[in-house]
Number of protein chains: 2
Amino acid sequence: MTVMDDLQALGSDPTHSEHGVDRSLTVKVIGAAGDHDGPLLRRLLLPMHPADIAELLQNAPKETARTIFNLIGEDLDAEVYAELEDELREFALEFIPATKLAQKLEDLDTDDAAAIVAELDDEDRAEVLAAASNDVRVAVEGALSFDEETAGRLMQREFVAAPLHWNVGQTIDFMRKTGEDLPDLFFDIYVVDPTMAPIGAIPVSKLMRARRTILLKDLMEAPEIIVDPETDQEVVAHAFQKYHLISAPVVDRAGRLTGMITVDDIVRVIQEENEEDLLALAGVRDASTADSVWSSVKSRLPWLCVNLVTALVASFLISTFQHSIEKIVALAVMMPMVASMGGNAGTQTLAVAVRALAARELTPGNSARIIAREVGTGIVNGAVFAMLLSTVAIVWFKSVLLAVTIALAILLNLSIAGFAGILIPLALKHAGQDPAVSSGVLVTFVTDLVGFVAFLGLATLIIL
Amino acid sequence: MTVMDDLQALGSDPTHSEHGVDRSLTVKVIGAAGDHDGPLLRRLLLPMHPADIAELLQNAPKETARTIFNLIGEDLDAEVYAELEDELREFALEFIPATKLAQKLEDLDTDDAAAIVAELDDEDRAEVLAAASNDVRVAVEGALSFDEETAGRLMQREFVAAPLHWNVGQTIDFMRKTGEDLPDLFFDIYVVDPTMAPIGAIPVSKLMRARRTILLKDLMEAPEIIVDPETDQEVVAHAFQKYHLISAPVVDRAGRLTGMITVDDIVRVIQEENEEDLLALAGVRDASTADSVWSSVKSRLPWLCVNLVTALVASFLISTFQHSIEKIVALAVMMPMVASMGGNAGTQTLAVAVRALAARELTPGNSARIIAREVGTGIVNGAVFAMLLSTVAIVWFKSVLLAVTIALAILLNLSIAGFAGILIPLALKHAGQDPAVSSGVLVTFVTDLVGFVAFLGLATLIIL
């Protein structure tokens, strides 16, 4: 691969230019990697923001990334590793000896350190944790003891707590003195009672403005939420959104403050959960721009196979009406319309339902009303298209009976599309499944079946 | 409607219980509204968090909401109005006199005040702004001078700036003295040069820990981004995500600091943009749990009409092969499979493309590689299903020629599905359109056409 090919592989989205990686710098980095010029790579990369370094590595040809990890991997900021996507991170970690990696973990918040350690195989993990400081090891093992996608994985052990009886001055002095041991960044300090239970929170901007003699208990407000580390991350994200939180305290089983969750992790969670829903609705397991053909096939073949089975069932049902189709070939011409309109209407309802479930707006309490609305919408849309399609049938095929058939079939299919589009995700949710996964294929299965069977069945009854 | 009916209309999602509105409180509120008991409503509602009040109002029967706005609307915190969804907010604002509303705006950040004023019709808007203080009027008019969905609308005019030559002690003393006029909450202070250009940012938690004699210029770091108010909100949101920002400075044309954007607004933007994409991909214009049948029909009928046209085109093309179908009815039986598999594969690619475009991972630089990957994925999946479906054709219809036909058709359609699924959103994006809107219908149009025409055309050539 020439340098010019490498450049072709790099992004240059103009909307990107306001922030992010400068293109000419990227050119230099690829050149320096091509020359295996470690000192130049250091000069170019190390002053960059870790997120920019990660972006550059993510978009660079694999060969460039390999050379960079190989030559200066140990000098890259720990944050760079925290920013990389899973696949590239796994690749990158192979270039760092366990002891060096253990040192890097010291610079990270618990959640980021745990995410990196989670990537290692058992042997490497044991080696790295053995080389890490006691604090880091305990914190990381603690985080990994919680399930993925729970609050425990998002939590950092670093936080600022002050006893109830302190005043503003004491608190600020304590923070000035402690210095290094405080988290890098924090936005609220938590006020704890003698059992270490968080009973109040004070935004730092409020603390700093207050007179030094004011007592914390007069300044604090009860935390909007207190998080159990086993809570699903989606629930936590919803609370952050609703209350506009910047951070939230996490407590252990005994109610003692053990960590905090900050909004930057929540932003990532919200983005990931939304992306998951969008992909799942389309029948894609997961996706990254870095995927190869092979990983793309792996993430899409399963749902296409399910779709094949449902399509075979539909074909089988159509075949039972072969006799009708042979007699009136117009049925073969019009039947895909009934199925396609139903499929689209069902997908619309499904998207509305999945959005509302994700936003926690669709609850057992209002679901009856929403189901009624969706069926109502299906009936209204069905009536509109029943009129339009029966007109088409009369004009095109000069057949009133065909017009009646298609009108009834489309009205039926769009009503059922509304019903299935909301009931299927609700049922999946009720059964503890992710409503975005698999509901798409089920809904179009229903609308295909109803579309073909209703149209061909009614035609057989009415026309033949 | 009885009280029990009202209760049925209210949510009780158990996963909701960790935060949010207590059900027994809701019962009391609905009862008090039924009795038109203003004092009781005040006692029940006013101590609640504004977001919880808004949630309760949002989920309550319209009659309850009306009574509450009518009786105690003027006493509700301004934040409650900021939290309501557009439709209910518009309804609520009718109950507040212009002068009272103008007073409420004083309590809000610029972006929230502007969002409320934007909801009013021209006459009410003029009245409210005339009644507002000079500061609020200028700030709100300033915000409304920017397009919707730009940084200018997200920006608040309240921020903390300090000159370059100050030290930590001076800055903290200034903030203690200014008190009231500072924003309620802030996370960074901006360091400005004599022209008011923001040249540095210091997190409040860092400022507070620093010794009083340290100069700001020794503590600050260059802001990760400096936002132009005309920037699209998605671009700003992407920068917040990438750099884990909590706030960012906004400058005017002359480069002077004029406001800041905070992460809580960005969280809302990320959620909204994601929801928009999900709904748009399914052909829904917008959706809310509060929608009636009528508004649901309005937001879905347009795309169903487009779908009708594409379905008619597909039917017309099928009709040109009537002769073939009459001879081999197995064609009618198998043709929906080819179209359906293609539609699903195309939708998968489309979802992957829309996600990558939204995440700014799909750029002109790497699009050639991604297009190649998608076509490659289509070819591999196509080959898999060509084998499976030709086996089906042989077993079911005992026809090698039909097997060859369907194998070729499915291979062709899945390859084109991959190509169309990525090229259509890229082309829409290139043309300045939202790639999530309308690409779904275009992609399935392509896969329907190719599916039917390729299968029936090849059958006519090969078998007949």
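## Reading a charged patch and buried helix residues

Q: Which elements of chain A each supply at least two residues of the negative patch?

A: In this predicted model, α7 (86-93) and α10 (122-131) of chain A do. Helices here are DSSP runs (H or I, at least four residues), numbered from the N terminus. α10(A) gives the most, with four residues.

Q: Which residues gather in that patch of negative charge?

A: A patch joins like charges within 9 Å, using residues with over 30% relative accessible area (Shrake-Rupley, 1.4 Å probe) and no salt bridge (Lys or Arg side-chain nitrogen within 4 Å of an Asp or Glu carboxyl oxygen). Here, A:Glu87, A:Glu90, A:Glu94, A:Asp121, A:Asp122, A:Glu123, A:Asp124 and A:Glu127 gather on the surface.

Q: Where does A:Glu94 lie, and is A:Glu94 buried or exposed?

A: Buried means under 20% relative accessible area, exposed over 50%, partly exposed in between. A:Glu94 sits in the loop between α7 and α8 (98-105) of chain A; its relative accessible area is 63%, so A:Glu94 is exposed.

Q: Is A:Ser299 buried or exposed, and what does A:Ser299 touch?

A: A:Ser299, in helix α18 (residues 293-319) of chain A, is buried because its relative accessibility is 6%. Contact means heavy atoms within 4.5 Å. Leaving out residues up to four places away in sequence, A:Ser299 touches A:Gly283, A:Val284, A:Arg285 and A:Asp286.

Q: Which residues are buried in helix α11 (residues 134-144) of chain B?

A: In an α-helix, residues three or four places apart point the same way. In α11(B), B:Val136, B:Ala139, B:Val140, B:Gly142, B:Ala143 and B:Leu144 are buried. Their cover includes α8 (98-106), α9 (110-118), α10 (122-131) and α12 (151-154) of chain B.

Q: How are residues and chains labelled, and what counts?

A: Residues are numbered from 1 along each chain as its sequence is written, with chains lettered from A and ligands numbered from 1 in the order written. Local features need pLDDT of at least 70 and side-chain atom pairs 80 or more, while totals for chains, interfaces and linings use all residues; side-chain values use heavy atoms, leaving out hydrogens and water.

Note on methods: Patch = residues over 30% accessible without salt bridge, like charges linked within 9 Å, V, L, I, M, F, W, Y side chains within 5 Å. Lys, Arg positive; Asp, Glu negative; His and termini not counted. Charge placed at Lys NZ, Arg CZ, Asp CG, Glu CD. Buried < 20%, exposed > 50% of the residue type's maximum accessible area, 1.4 Å probe, protein only.
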